[in-house]
Each structure stands twice: as structure tokens, then as C-alpha cells.
Amino acid sequence: MEDEKDYALPGFDTEAKDNSRRNFLKQSTLLTAVALTPGTAIKAADMRLDEKIAEAFEKMPIKLEVNGVAHSLSVEPRATLLDILREQLDLTGTKKGCDHGQCGACTVHIDGHRVNSCLTLGVMASGKKITTIEGLAKGDELHPMQEAFLKHDGFQCGYCTPGQIMSAVACIREGHANSEMEIREYMSGNICRCGAYPNIVNAIQEVKEGAQAV
Amino acid sequence: MKAFQYTRATTQQSAIDAIAKPGTKIIAGGTNLIDLMKRGVIAPDKLVDINQLPLNSISVNKLGHLHIGALALNSAVAEANLVKDLQPLLAMALNAGASPQLRNMATVGGNMMQRTRCAYFYDTTMPCNKREPGSGCGAIGGYSRMHAIFGASDKCIAVHPSDMCVALAALDATVTVSGRKGQRLIPFTEFHRLPGEHPEMDNTLAPGELITGISIPHNNFAKNSYYLKIRDRQSYAFALTSVAAALEISNGTIKQARLAMGGVAHKPWRLFDAEKALVGKPATEESFKQVAEIAMQGAKAYEYNKFKLKLAPATLVEALKHAAGLV
Amino acid sequence: MTNDTMTKGMSRIDGRLKVTGAARYSAEFTPAGMVYAVLVGSTITKGTIRSIDTKAAEKAPGVLAVITHINSPKIAGYQVEPGKQEPAKGTYKLFYNNKILFNGQPIAVVIANTFERAQYAASLVKAQYNAETYQTKLADNTAKAFAPEGDGKKTRGIADAWKTAPVKLEQEYIIPSESHSPMELHAIIAKWDAPDKLTVWTKTQGVQDTQDGIANIFKLPKANIQVNSKFVGGAFGSALQVWPHEVAAILAAQVVKRPVKLVLGRADMFTSVGYRPNTWQKIGIGATTDGKLVGITHEAAGQTSTYEDFNEDPVGVSRSTYACPNVNTVYKISPLDIGSPTWMRGPGEATGAFALESALDELAYALNIDPIELRIINNAETDPDSGKPFSSKYLKEAYKLGADSIGWSDRKAKPASLSKNGWLVGYGMGVGMFGAYRDKASAKAIMMANGTLIIQTAVSDIGPGTGTAMVTIASDIMGIPADRIRFDMGDSSLPQAPSQGGSSTTATVGSAVYQACTDLKESFQKLIGNGGTDKPDYVEVLKKNDLPKLEVTAAVSGGPEMEKYAMYSWSVHFIKVLVHPATGVVKVDKAVCVADSGHIVSPKTARSQIVGGAIGGIGMALMEEVIIDHRYGRLVNNSFADYHLPVNADIPQIEALFVNKPDPYLNPMGAKGMGEIALIGMAAAVANAVFNATGKRIRELPITPDKLVGMEDLLES
Ligand SMILES: Cc1cc2nc3c(=O)[nH]c(=O)nc-3n(C[C@H](O)[C@H](O)[C@H](O)COP(=O)(O)OP(=O)(O)OC[C@H]3O[C@@H](n4cnc5c(N)ncnc54)[C@H](O)[C@@H]3O)c2cc1C
Ligand code: SF4
Ligand code: FES
Ligand code: FES
């Protein structure tokens with residue numbers, strides 16, 4: 001997100017009051033850690049140093065390699081990998097369907113394994129390799145699974161689709177795509193309300209039987 | 001979610017030291033903890049990530065005892081050849097739980113420690129003795145469909161949601177834990193507890209103790225075991241009832257049996273009496289129906305879970321039929 | 001359609017964006033300076049807010065504002081004109097006063113500079129209430145039900161004539177509330193471009209209806225509101241109106257003077273964007289011994305909120321599905337202290353068809369007549385309700401197609417006579433019908449100098465593949481390949497189009513696209529002169545005439561035929577189930593859905609739409625149920641772990657078959673809708689199959705194992 005100070009809406013009073021920073025600084029128990037006297041704290045707030053302090057005490061530096069690109073970020077420990085991808089890295093291909101591990105829309109690969117990024121803290125993924133739907137195609141050349149989803153119409157609204165595709169690729173790599181029944185079971189962590197299941201199964205079967213590496 | 005501090009433990013001792021402090025929680029896979037934190041059910045000040053600890057091995061010793069580290073992933077355990085060969089019941093139970101993605105995150109220790117899925121426990125605006133001792137039990141007199149029929153108390157009727165634990169209870173596993181006072185072993189069937197007067201306590205792990213692993217003694221059940229889970233949809237749902245059944249059959253006669261039920265109690269519900277009754281009996285549906293009656297002694301249902309009085313024995317008979325190769 | 005033919009046909013025009021993650025849904029834009037809003041819901045069901053403590057939230061890190069009914073700016077459209085009375089009913093007004101009308105009602109919105117901070121701060125807002133007694137249970141309140149229109153009664157012939165029939169039955173059927181639960185959470189980003197100019201990215205089935213809705217609420221000129229909704233992650237009826245959370249985001253953006261993003265949590269999705277209402281129904285049905293229907297009486301009572309009357313006429317199906325001389329229906333709604341229901345895929349008809357198609361099945365057993373045969377005996381050749389001829393109806397063909405495909409001849413009339421590997425096997429079927437509509441719409445067709453055709457219309461696509469169908473129509477008329485056609489939609493500034501709903505998009509917007517392309521081609525032919533050619537070289541013609549482009553806008557509406565004919569789409573669902581006798585587990589083994597929905601414009605997406613609707617129907621039949629703890633008036637299964645939608649393991653291959661005969665009157669393509677009929681009738685088909693397998697009739701959905709457990713004796717006998 002860009003610096004808020006630089007942002008002003010046309011036609012509005014540009015002096016939008018933002019007391020929250022100051023309030024935060026006055027309240028924050030973390031400040032005891034830096035042993036600032038209340039006076040200094042308020043001064044710090046007035047100097048808008050609070051975000052910098054928050055940066056140091058509320059946030060942690062992490063390194064994520066996402067789709068082959070290294071990112072050094074500063075995140076709050078409570079930020080999930082899903083929200084970091086979507087809100088900080090603008091990688092919105094990974095979807096939020098429930099935020100509680102109950103739908104699979106947020107499926108990504110961490111070090112090659114499919115996981116729910118909504119239940120993964122960003123700080124826990126630090127140092128790991130993450131692949132999202134945006135990292136599957138090689139340039140303009142779609143991944144075979146993406147091609148198969150297109151061909152078999154493995155989606156309608158497309159919202160569960162990135163998660164389905166990430167899961168489908170993993171399903172084959174794990175060796176769980178040996179029969180229709182097995183695919184159905186091992187794709188059950190990805191809910192599709194539009195009801196594209198049979199088409200998804202067909203797409204996976206075709207990729208599995210095809211010669212292309214997955 | 002409340003802000004918290006996050007640290008990584010690099011040694012077992014540092015993890016144990018860290019969790020000795022109140023407000024500090026271990027995080028392993030995070031699949032239950034983060035969910036609960038998002039809903040404000042628990043709000044630790046500090047999380048200690050134990051994933052760096054070397055506790056994820058799966059090995060077998062000379063006696064054929066299987067040892068599994070607390071950080072072994074549910075998927076890794078389910079896929080391990082050692083497990084599939086020696087204790088297929090455990091692999092089956094694991095594969096019946098959650099989803100492939102969640103099993104790739106969830107650890108053995110975390111799975112044992114997962115909290116109940118009781119809706120009232122999850123909704124912080126509702127009464128729940130487990131979440132907030134003394135606030136009452138929302139499920140009693142409420143929507144009790146997923147709740148216990150065995151061993152409940154007037155304080156709590158929740159069930160333990162794990163599948164893995166049902167198999168481990170049946171297989172006479174032992175839990176290894178480490179704390180400031182050193183290591184101790186807890187028989188699996190004594191790890192989880194009944195709610196009694198203190199539903200806030202799920203298990204007998206002492207504060208500040210870390211689960212380091214589980215072991216399963218050698219047995220001869222590999223050929224005749226089965227995990228059957230009945231749920232509202234075919235996958236990715238918690239059990240209405242489930243049964244872990246392990247048999248040793250010789251010439252059609254049952255020599256040994258291990259049985260545990262899930263979805264019916266605050267802990268994996270081991271069926272000792274039914275096991276005993278099976279020994280010496282022919283491995284037939286007749287025998288299974290007889291022991292199902294024994295298994296159900298003492299069951300008590302609530303308003304919305306009366307069906308479990310029929311479903312639990314039916315699940316038991318079916319699981320036994322599968323284990324015995326009758327279906 | 002076989003596996004083979006279904007992969008042929010055009011792939012979705014937006015498919016590439018969807019499979020690469022490049023498609024951006026409403027929450028996925030980042031206007032500069034954007035901040036995050038999170039709603040706080042009431043924890044009581046009815047009463048008033050005594051006080052609300054926002055201090056802790058306001059002081060929390062990153063918080064920019066907390067808005068409640070106390071400090072909310074006045075919303076112009078909510079205000080009652082001086083001298084006028086507050087209307088007794090109307091859409092719920094956000095932060096309007098201290099009244100609580102339902103549990104989970106938004107009582108505050110917290111805005112902070114990150115999502116995490118907003119969410120945490122929202123948990124710090126605490127309200128004190130004066131709670132009042134409330135009613136949330138339909139079963140206890142059917143007596144209070146009133147008719148949403150007139151006396152709620154409609155009679156054709158003699159009322160209650162079924163009672164005089166030689167073979168008759170009367171039964172009650174109940175469906176619980178169901179949640180739309182699209183996978184995409186409802187989301188909005190609101191950005192004020194000027195004090196009276198607004199841009200929103202929001203999940204909606206109709207950008208222009210949302211534009212109207214916002215204009216009314218905020219009393220802004222419509223032209224000052226830009227609504228964007230290019231990709232919609234499913235909706236099924238949940239995005240047909242402006243909801244309170246959208247108002248909250250717009251308000252929040254006004255207060256903090258920054259763009260605001262608000263995404264509902266999954267739990268809120270169960271209380272804040274409508275649901276299919278819990279409905280009680282009773283059907284009395286009677287026939288002569290040879291199966292001719294004598295009479296049907298169909299009563300229904302559905303739930304609504306205390307502040308809005310939701311009317312979906314579930315009993316209508318009994319008036320129009322079969323030829324029956326005497327039909328009387330009664331429909332009432334019962335106001336409860338719950339948020340308002342709304343249209344959900346197959347609204348009314350899906351509810352009604354569960355009762356009617358179950359009752360017909362029961363009647364078939366009572367008569368000892370095959371259920372298909374019974375339906376053929378009573379096939380309506382003209383619309384029994386209006387007396388008008390049908391514009392097209394090939395239902396009899398559909399029965400045959402489906403029966404052959406499912407293997408109906410393997411079915412045994414006597415329940416519980418078939419089994420396979422320890423599972424009971426049963427077959428069932430059910431019919432769906434839904435009015436085929438056509439509304440007003442406009443489309444612009446632009447031929448560019450480089451030969452690219454651009455089609456523009458303000459329609460939304462919630463998943464069925466509208467763009468794909470529109471491009472197919474354009475491609476057919478213009479004689480150019482689909483990849484030369486760009487389709488612009490989901491933008492309120494484009495030519496007029498109605499909301500996507502009621503299965504009418506292809507008929508309505510398709511007609512506009514058809515007309516625009518036809519007119520455009522004609523313009524080219526005029527330029528060419530001499531009657532032109534059938535396959536003009538558009539690039540050449542533009543070049544020759546020194547034109548950068550040629551464009552045409554066409555506005556169309558339904559023709560007079562709509563008055564002359566009764567227009568419906570029809571479906572027949574066939575289901576084969578396996579039921580485990582001891583545990584009561586039901587598995588759908590095979591499903592065949594036949595649609596009589598006119599000419600199929602886009603076969604591949606059409607098939608998916610039928611399959612998807614069928615899966616929705618299977619969910620309705622087997623697992624979906626919103627559960628309220630009436631002691632608190634609060635939902636206890638407002639999550640995807642507890643409210644079960646079908647997962648992949650629940651769903652077999654589903655055969656989607658099309659009669660594929662054009663409707664001669666509805667529109668030039670001959671297409672009728674199919675989004676609704678894909679689901680309508682399915683729940684009964686499943687229940688009927690379960691009966692055939694077990695002899696147990698389940699009249700209250702969903703059919704979960706607890707309702708069937710303990711039938712092991714069936715297999716032994
Ligand atoms: C949607 C959904 C569906 C699910 N379905 C099922 C199902 O069908 N069957 C089933 O069995 N499970 C199911 N689960 C639960 C899942 O199996 C558990 O969440 C998981 O096993 C927990 O493991 P974890 O490593 O992620 O634990 P965490 O979330 O990291 O931790 C859980 C708890 O254990 C403690 N803990 C973790 N490791 C240790 C240790 N070594 N020593 C001491 N304490 C420790 C933590 O402090 C925390 O309190 C489901 C979960 C979700 C979200
Ligand atoms: S059953 Fe236990 S967990 Fe559920 S509400 Fe009662 S006390 Fe809480
Ligand atoms: S968003 Fe992560 S599983 Fe639903
Ligand atoms: S494609 Fe819409 S949810 Fe799967």
C-alpha cells in the first residue's frame with residue numbers, strides 16, 4: 001500500500017484526521033518495551049514515528065520466494081499467507097472462500113506441497129518456496145492442467161478454480177489420481193459451489209493419462 | 001485476531017521453557033490453533049513455532065514398535081510404507097480426516113491436541129463451559145446432533161473430533177511427552193479425558209509439557225483392520241460416528257480384537273468389553289451384532305443425537321465386517 | 001452429451017483469465033489509499049441497543065473510524081419525508097436506529113489501515129442491549145402466516161377436489177433454509193471520486209440494478225455512480241440487491257475519505273445476503289384408478305423477516321406442471337426475527353417441486369403406475385393455468401431420453417428390491433419447470449478497422465458463461481471466428497442490461513446482441529451496396545469507406561408472442577442412488593438431467609450449467625440445512641465445516657442431455673433459460689430414488705444418515 005500521506009481524494013478536505021496512530025502509540029503496551037516515557041511517546045506520535053515503531057515491534061521481517069521471485073517483507077505475525085499474497089503482493093489469484101480451512105479456495109504449494117494458505121501464517125512460511133496459480137504457466141504457455149480445465153470446462157464462475165488447479169496438480173504429483181474414485185476423494189478439499197466436479201475429474205484424468213509432465 | 005509475538009524454538013528445551021509461561025502456545029501445523037485464534041476462542045500473547053524441532057521421524061524398532069514423531073505430518077504418516085504395512089488402521093483413519101491440504105499441514109501432536117468442533121465452543125457469544133468455565137453448556141438443551149453419547153457430564157457433552165486418535169486408542173499407542181520435569185509416557189487411552197467437572201481440560205498433558213511422539217506396539221492386526229467413518233457427506237466432514245476395528249483372526253476365529261469409536265465421546269472411546277467378548281468368537285456378522293450390544297451399554301443420547309444410538313452400533317458392525325473381510 | 005462432444009464446442013472466452021488467476025473479482029482491486037472495513041454483528045436477536053462501546057476499537061492500532069447508529073452520517077434515501085410516516089416495511093436500513101431486527105445484524109463498521117487491524121478492532125466493539133422476546137422458528141409460527149398477495153388463494157375448478165378421487169393422499173413436506181454460499185465472499189470496494197461521485201467494485205448480478213439501488217439509497221444521480229463487476233464468483237441469487245454491507249462500505253469511504261474495501265466473513269454470508277427460506281408445504285393429490293389427476297391442493301407457508309415480505313410463490317408449480325382440472329393453492333408467509341430471505345436458484349419452484357414431485361411419486365406407488373407413465377398420462381398439452389398454448393414443450397421426449405440413459409428399465413417398482421454389494425439400489429425422477437422470460441436489453445456492436453468485433457452490454461456473468469454464449473451468437477451472425485470478438489460487460493456505463501437472474505440472460509441479452517450484430521451486418525451490406533454479400537470482408541469495407549470503425553446499438557424487448565404463449569423451460573432429473581441399509585448413508589450413483597430449454601447456444605457451458613444445477617439439487621436433497629438454535633435465535637452452523645455443500649466425492653459423472661429444439665417464439669436464437677431448471681425437481685428425484693431403494697419416504701430435507709439409519713433388515717429379507 002502506498003504512503004497514506006500522499007493520498008488525497010479529489011474534492012475532499014485533504015486534512016483527513018488520523019488520530020489512530022497517535023492513539024495507538026499512547027496505548028501500545030509494546031511501548032513499555034522501548035521504555036519511552038509517555039511524553040516522548042506522544043512526541044513520537046506527533047512526529048508520526050508510530051508506524052516505524054510498530055514496524056519494529058509488531059512486524060517481523062520475512063522472506064518469501066513466490067513463483068520464483070524473492071520478496072523481503074515486513075509483516076505482522078498474525079497476517080496469514082493468504083492475506084499477504086492478496087493484500088500485500090497483489091497476487092489475487094489465490095482466493096479466500098472461507099478463511100478457516102474449510103473450502104480449499106486458498107490452496108497454494110509450499111515447497112511443492114498443497115496447503116491452505118488461510119491457515120498458514122506468513123511468518124511460518126518464511127524461507128519457503130511458494131507457488132500460486134500465477135506461477136503455474138510458463139509465460140504464455142499454460143500448464144497442462146490449466147489447458148485441461150479449459151478444455152473440460154472445469155469451472156463456471158472461476159472462483160474456486162485456482163485452488164482446484166493447484167490441488168489437481170498436487171493430486172497427480174502425490175500419486176492420488178489413479179482412478180476416478182481416488183481423484184474424487186483427493187479433490188474433496190476443494191469445494192466448488194458452481195458444481196464443476198465431474199469436469200474437474202475429467203480434466204485431471206486427461207492430464208494424468210497424457211504424456212506431459214505435471 | 002489479537003496481535004501476538006512469534007518465535008521459533010530451535011531446541012526442545014527452549015520450546016518447553018517457552019510454554020511454561022502463561023499466554024504462550026505452541027504452534028505446529030496451525031490448522032486448529034489459527035482457526036480458533038481467528039474466532040477469538042483463544043488469544044495467546046505468544047506463539048512458539050516448533051516446526052524446526054527434529055520430531056518428524058517415522059521409524060520401527062527391533063521389536064516392531066512403530067514410533068512417530070509429534071511433528072510428522074498427517075499426510076506423511078498416512079503415506080509412509082511403514083505405517084501402511086504395520087498399522088494400516090492408522091493410515092486409514094488419517095486419510096478419513098480433514099482434506100489432503102489440511103493433512104499436509106496437520107501434525108500428529110496437533111491432531112491429538114485439537115479442540116472440539118462443538119459450535120457453541122466456537123461462537124464466543126454463546127455459553128460454553130469448555131471455553132469459559134462456569135458459563136454453562138450451550139449444547140445441552142441446544143443443537144446436540146454432533147455430540148456425545150458416552151461419558152458426557154452435565155457440564156459438557158462435546159466429542160473429540162479426531163479420526164487419527166480413534167485408531168491410536170484402538171492400537172494401544174503410548175504418548176511420549178517432555179516437560180521441565182523430564183520425559184513421561186502416557187497410555188493413549190489415558191491421554192484424553194472425560195469432561196466431568198472440568199471440560200476446559202481436554203487431556204492429561206500437564207501445562208508446559210510438549211508431546212514429542214507416539215509409539216504403537218507390534219501387533220498382528222494389519223491384515224484385518226478397518227476404519228469406518230460415517231458423515232453427512234462423503235468426504236471433508238467430521239464424523240457422526242466412526243469405528244476403528246482391528247482383529248486377529250485365525251481359522252475364522254477371533255483371537256484378539258481392538259475397537260474404538262469416534263464421534264461419540266469427549267475422548268476416543270475404547271470398547272474394552274466388546275473386545276473381550278469378541279475373543280474366541282467366529283468372525284461373523286452374528287458375533288459382531290452381539291458385541292455391538294455390549295458396546296452400547298451405558299450410552300445416553302440428547303435431543304438431537306438419538307440417532308447415534310442406532311448409528312454407532314451399525315457403524316461398529318460394518319467396520320468389523322470390513323475388518324474381517326466379510327464385505 | 002458424451003465426454004467427447006462436450007469437450008468440443010467453444011471454451012469459455014474468459015477461461016484463460018480464470019485458470020491463470022488473472023480474473024479479478026470485486027475484492028481484488030487496489031485503489032490508492034485503500035483501507036479495510038469489518039462489520040460487527042449484533043449478538044441478540046431482537047431488541048434495542050442500549051449502549052455501544054467503541055472506545056477500545058477506536059484506540060486500537062490503525063483504526064481510522066468506527067461507525068454506529070449513533071455517529072453514522074444520515075443516509076439520504078433512508079429519511080422519511082417530513083409529514084410522512086415511517087413505512088411499516090421495507091429493506092433493512094443500516095445504522096438507522098437502535099433497533100435489532102435479527103441476530104448478526106450489523107451494528108457497527110470498523111475501518112482500519114490493514115485487514116488484520118480492522119478485524120481485531122471489530123472484536124473490541126461491545127454493545128449492551130435491551131433484549132426482547134423473539135420468534136425464529138417457522139414451525140411455531142405458521143399460524144401467524146399471512147398472504148403476501150390478496151388472500152393467498154388461487155383456485156382452478158373445484159377446491160379440494162382431490163378428496164373425491166378414488167386414489168388419493170395428503171402429505172406434508174418441509175425444506176429447511178438453505179444458503180446460497182457462493183464461493184466468493186460478498187465484497188465491495190467503494191471509492192468516492194468526488195463528494196457526489198462514486199465508483200464501486202462490488203459483487204452483483206446486475207451492475208445497473210446496483211447502480212439504481214445505490215442511487216436511491218444515497219440520493220445521487222445515477223450517472224454519478226460507476227459500478228464494476230466483471231467477474232462474479234457465483235451468486236445464485238444472493239447478489240440481486242444492494243445489501244447493508246455495501247451501504248456500510250460506501251458510508252465508511254465517505255467518513256474516512258479513502259477507498260474502503262469490505263469483504264464479508266463466511267459466517268456473515270449466512271445471515272447478511274439472504275437464503276432460501278424454510279418452507280412448510282402440504283399437498284393433497286388424487287387421481288382416478290387409471291392415473292388421471294382429479295385434483296391437487298397445495299398449501300405452503302414460508303418464512304420471511306419482520307421488515308420485508310418475501311414472496312416466491314412455491315405453489316405455482318402445482319398450477320402449471322400437469323394437466324389437472326382442479327387445483328387450489330394457498331401460500332402464506334410468516335414473519336420471523338431473522339434477516340430477509342431472497343431468491344435462490346430455482347426460487348419458489350425448487351421448493352414447490354420438492355413437494356409436488358414427491359407427492360406425484362407417492363401417488364404413482366399408490367396407483368401402481370410407473371412414475372414416468374403417470375406424468376405422461378397427465379402431460380399438459382396447453383398451459384393449464386392460463387389456457388394458452390406453450391411456445392414449445394418437448395417434455396415427453398425428455399422423459400424418454402433420460403429414462404434410456406439412466407437405465408430406468410432396471411428399476412423395480414417395489415421398493416427395496418434391488419441391491420448391490422450390500423447397498424440398496426433405487427431409481428427416482430423428478431420434473432422441473434420454470435418460466436422462460438425475456439426482458440428489455442441493449443447491446444452495442446462495434447467493428448474495428450483491424451477486424452475486431454467488440455460487443456458491449458452491461459450484463460454480469462455469475463458463472464454460466466454469458467460472455468461465451470454472447471460471443472457464439474455474434475460469431476454466428478457476423479461469420480467471424482470467436483477469437484476476433486471481444487465482449488465487454490460488468491460495467492454500469494455500458495448499454496442497458498437487466499440483472500442476471502431468472503434464467504433469462506441468454507434470451508434477453510442474447511436477443512440484444514443478436515439484433516446489434518444483425519443491424520451491424522446490415523450496415524455493412526448497405527455500404528457494400530447491391531444487397532451486399534453474406535460474408536462481408538469487414539476490414540476491406542471499412543478501409544474502402546475510410547472508416548475507423550462502424551458501430552450499432554440495438555435495444556430490444558420481448559415481442560407480442562410473450563402474451564400469446566405460455567413459455568417455460570422444462571427439465572427431468574433421473575437419479576440412481578445407493579443406500580447403505582445399516583448406516584443410512586446415501587450415495588448418488590448416477591444422475592441424468594434432461595433439459596428442454598430450446599436451442600442450445602453454447603453446448604459446453606450449457607452442459608456445465610446443467611451439471612452444476614444438478615449438484616446444487618443434490619446438495620439440497622442430501623445435506624444442506626441452515627440450523628438455528630432458537631433459544632438464542634442464532635445460527636449454529638454458519639461455516640463450511642458445518643453447513644455442508646457437496647464435495648467432489650459426493651458427485652458421480654452426471655449426464656446432461658438436451659432436447660435441443662428451438663423455441664419458435666421467445667427469441668431469434670430459439671433459446672430458453674436453463675439455470676433454474678437445472679436444479680428444480682432434483683431434490684424430489686433424489687428423495688424418490690431413496691424411497692425406491694428403501695421404502696422410506698423422507699419428506700423433510702435434507703436426507704442425512706440419521707433419517708435412514710437402521711434398515712439392515714431390508715437387505716436380509
Ligand atoms: C476444515 C477442517 C476439517 C477438519 N476435519 C478433520 C477430520 O475430519 N478429522 C480429524 O481428525 N481432524 C480434522 N481436522 C482437524 C485437523 O486434523 C487438526 O486441525 C490438526 O490435526 C491439528 O494439527 P496441527 O498440527 O495443525 O495443530 P495446531 O493447530 O498447530 O495446534 C493445535 C493445538 O495443539 C497444540 N500442539 C501442537 N503440537 C503440539 C505438541 N507437539 N505438543 C503439545 N501441544 C501441541 C497447539 O498448541 C494447539 O493448541 C479438520 C480441520 C479443519 C480446519
Ligand atoms: S458441549 Fe462442551 S464444548 Fe460444547 S457448549 Fe457444552 S461445554 Fe462447550
Ligand atoms: S479460504 Fe482457505 S480453505 Fe477456504
Ligand atoms: S467454479 Fe464457481 S465455485 Fe467452482
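Me: How many salt bridges are there between chain C and chain A?

Reply: Between chain C and chain A the count is eight salt bridges, a salt bridge being a side-chain nitrogen of Lys or Arg within 4 Å of a carboxyl oxygen of Asp or Glu. One of them pairs A:Glu76 with C:Arg117, with the closest N and O atoms 3.7 Å apart.

Me: What are the ground rules for these values and labels?

Reply: This is a predicted model, where local features need pLDDT of at least 70, side-chain atom pairs count only at pLDDT 80 or more, and totals for chains, interfaces and linings use all residues. Residues are numbered from 1 along each chain as its sequence is written, chains are lettered from A and ligands numbered from 1 in the order in which they are written, and side-chain values use heavy atoms, with hydrogens and water left out.

Me: Which elements of chain C supply the side that touches chain A?

Reply: Elements that each supply at least two residues include helix H1 (3-7), helix H4 (115-122), strand S9 (187-194) and helix H16 (603-622) of chain C. H16(C) gives the most, with eight residues. Helices (H or I, at least four residues) and strands (E, at least two) are DSSP runs, numbered from the N terminus. By class, that side of chain C has 37 nonpolar, 24 polar and 19 charged residues. Here Ala, Val, Leu, Ile, Met, Phe, Trp, Tyr, Cys and Pro count as nonpolar, Asp, Glu, Lys and Arg as charged, and the others, Gly among them, as polar.

Me: How many residues are in that contact, and what area is buried?

Reply: The contact takes 80 residues from chain C and 69 residues from chain A, with contact meaning heavy atoms within 4.5 Å. Chain C and chain A bury about 6400 Å² between them, 54% of it on carbon and sulfur atoms. C:Val19, C:Met183 and C:Asn648 supply 12% of the area that chain C buries against chain A, more than any other three residues. Buried area is the accessible area (1.4 Å probe) that two parts lose on being put together, summed over both.

Me: And what about chain A against chain B?

Reply: There, 32 residues of chain A are in contact with 32 residues of chain B. About 2600 Å² is buried between chain A and chain B, 54% of it on carbon and sulfur atoms. On the chain A side, A:Arg78, A:Leu119 and A:Met124 lose the most area to chain B, together 25% of what that side buries.

Me: Which residues make the salt bridge there?

Reply: A:Asp99 forms a salt bridge with B:Lys38, the closest N and O atoms being 2.8 Å apart. For polar contacts between chain A and chain B, the count is 13 residue pairs, both at pLDDT 80 or more. S4(A) gives the most to the side of chain A that touches chain B, with four residues.

Me: Switching to ligand 1. Which residues come nearest?

Reply: Of the 36 residues around ligand 1, B:Ile26, B:Gly30, B:Thr31, B:Thr107 and B:Asp163 come nearest; a residue is near a molecule or strand if one of its heavy atoms lies within 4 Å of it. Ligand 1 is surrounded by residues from chains A and B, so the site is shared between chains.

Me: Which atoms of B:Gly30 and B:Thr31 are involved?

Reply: For B:Gly30, a backbone N or O atom lies 2.7 Å from an oxygen atom of ligand 1. For B:Thr31, an N or O atom in the side chain is 2.6 Å from an oxygen atom of ligand 1.

Me: What surrounds ligand 2?

Reply: Ligand 2 is surrounded by 15 residues, the closest being B:Cys118, B:Cys128, B:Cys137, B:Cys156 and B:Ile157. By class, that shell has nine nonpolar, four polar and two charged residues.

Notes: Polar contact = N/O pair within 3.5 Å; in protein donor to acceptor, adjacent residues only side chain to side chain.
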